Amino acid sequence: MSYAPWCRYGSPGRPDGEQLVLFCIVGFTGTMSCKAGQRHHPLRIRQPRLSETLPGLGRPPLVFNVALSPPDLLSWRAPPSGIPGVWVFDSGRSGPEIVIMAMVHGNEYAGGWALENLRRGAPVLSSGRLTLILANLEAFDRFDAANPVMSRHVDEDLNRLWHNTRLNSREHSSELERARKIQPYIARADLLLDLHSTLWPSEPLFIAPPRQRSTELACALAGGKELPQMVLTDLGHHGGSRLIEHAHFMSPGGTGRSCLLEAGPHWELSTVTVMESAIARLLAEAETIHLRGQATEESRQTEMAVVTDNIIARNADFSFVRPWEGGAMIPKAGTPLAHDGHDLICTPYDECLLIMPNLRPRRGQLAVRLARRTAALFRS
């Protein structure tokens with residue numbers, strides 16, 4: 001790999017997820033080096049018990065508007081593939097293996113609408129093979145509009161299980177068994193698009209693992225009309241390996257490309273529209289992306305950003321100073337973001353991007369990720 005090993009800032013004893021991830025990127029033409037790690041202000045400031053600063057906004061109630069009804073997925077229960085939730089369309093001609101995944105989390109069924117609409121349209125490929133996967137039908141079946149957040153998974157998060165140490169272990173859970181069953185389709189993918197949505201308000205964005213070939217895929221999709229321009233790169237999630245980090249996509253000598261799309265709020269029709277636009281872009285440009293790492297038609301310039309900090313809630317009373325939305329850019333370092341017990345969380349540098357804030361984090365849970373714009377792709 002041609003980017004240097006990453007390191008962390010922070011005092012000993014801090015949870016790993018709270019320390020700054022510093023990227024020293026080399027091997028490309030440009031000015032980006034260790035600038036992403038420059039800090040102008042402390043991330044956490046310990047405050048006295050009696051403080052003159054304004055309190056946080058509190059913990060907003062879990063009341064959500066489920067404007068989008070669940071899709072009818074009867075046709076996915078016993079498809080021709082023989083595996084529930086898996087439909088395969090084969091052109092019969094040599095070409096890229098495309099995999100589009102949705103509903104890794106059972107209550108994120110906007111992706112179910114997008115893939116069911118695509119299936120009903122009977123996609124015609126000029127080459128290669130297309131596999132559509134609805135990943136967590138068991139969790140989806142438990143969806144209750146009166147409590148829509150409780151059907152995210154059955155036993156554990158399906159998007160934290162994709163490291164070989166979990167997949168090849170002797171452990172058992174509903175999600176782990178499902179991951180093992182659909183893994184053969186993942187392992188043959190040349191191009192993988194994983195469709196997701198967000199619980200709290202957030203601007204749509206693409207996320208790619210730190211491999212040049214995957215950031216190329218994400219940028220090729222983000223260049224399309226009416227699609228998110230932001231492509232975020234990070235070094236993974238503190239809870240475990242995501243689907244886009246499967247070994248097939250992370251091996252240095254491999255060719256598989258993967259990216260994730262956070263398309264908008266869970267239960268809104270506009271989220272389905274963004275997903276369908278991304279699918280159309282992928283199918284139209286698949287051959288060129290597979291062979292050249294770019295699309296034939298670039299309609300817009302993409303924006304790149306890299307995660308520098310994962311803010312973990314240390315206390316049960318963690319609260320933001322205002323209901324931040326994902327994608328917000330905070331101009332000045334030292335701007336208060338949240339209160340965590342006696343700690344005031346501040347932006348550590350100018351032009352700090354907030355990535356998908358969780359407005360009700362539990363203790364030990366990821367509250368928000370901080371990111372900084374960069375002008376270059378990861379090279380690996």
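This is a predicted model: local features need pLDDT of at least 70, side-chain atom pairs count only at pLDDT 80 or more; totals for chains, interfaces and linings use all residues.
Tutor: Let's begin with contact, which means heavy atoms within 4.5 Å. Residues are numbered from 1 along each chain as its sequence is written, and side-chain values use heavy atoms, with hydrogens and water left out.

Student: What does the secondary structure of the protein chain come to?

Tutor: Helices (H or I, at least four residues) and strands (E, at least two) are DSSP runs, numbered from the N terminus. Here the protein chain has seven helices and 17 strands.

Student: How many of the 380 residues of the protein chain count as buried?

Tutor: Buried means under 20% relative accessible area, exposed means over 50%, and partly exposed is in between (1.4 Å probe, protein chains only). In this chain of 380 residues, 55% count as buried.

Student: Why is helix α1 largely enclosed by the rest of the structure?

Tutor: Because eight of its eleven residues, in the stretch 110–120, are buried. The buried ones are Ala110, Gly111, Gly112, Ala114, Leu115, Glu116, Leu118 and Arg119. After α1 comes Ala122, with a positive phi near 50 degrees.

Student: Which residues touch the most other members in the largest nonpolar core?

Tutor: A nonpolar core is a set of buried Ala, Val, Leu, Ile, Met, Phe, Trp, Tyr and Cys residues joined through side-chain atoms within 4.5 Å. The largest one has 67 residues, and Ile100, Leu115, Leu193, Leu195, Phe206 and Leu370 touch the most other members. Helix α7 gives this core its largest share, eight residues. Take Leu195: beyond its neighbours within four places in sequence, its contacts are Ile100, Met101, Ala102, Met103, Leu115, Leu261, Met275 and Ile279. Another core, of 31 residues, lies apart from it, with Val86, Val99, Val104 and Val307 among them.

Student: How much space lies in the largest pocket?

Tutor: Rolling a probe the size of a water molecule over the atoms shows where empty space is left. On a 1 Å grid over the protein atoms alone, using a 1.4 Å probe, a pocket is an open set of points with protein on both sides within 12 Å along at least five of seven lines, and lining residues have an atom within 4 Å of a point. Grid points are joined across faces, edges and corners, and a volume is the space filled by probe spheres set on the points. The largest pocket holds about 1,200 Å³. Its lining has 37 residues, with Arg152, Asp157, Arg160, Asn358 and Gln365 nearest its centre. Strand β17 provides the largest share of that lining, four residues.

Student: Which residues lie nearest the centre of the second largest pocket?

Tutor: Those are Glu203, Pro204, Leu205, Met230 and Gly327, out of 15 lining residues. This pocket has about 250 Å³ of space, and strand β16 (residues 352–355) gives the most to its lining, with three residues.

Student: Ser241 lies in a loop. Does Ser241 count as buried or exposed?

Tutor: Ser241 counts as buried, because its relative accessibility is 15%. The loop runs between β9 (230–233) and α6 (247–250). Not counting residues up to four places away in sequence, Ser241 touches Asn159, Arg160, Leu161, Trp162 and His163.
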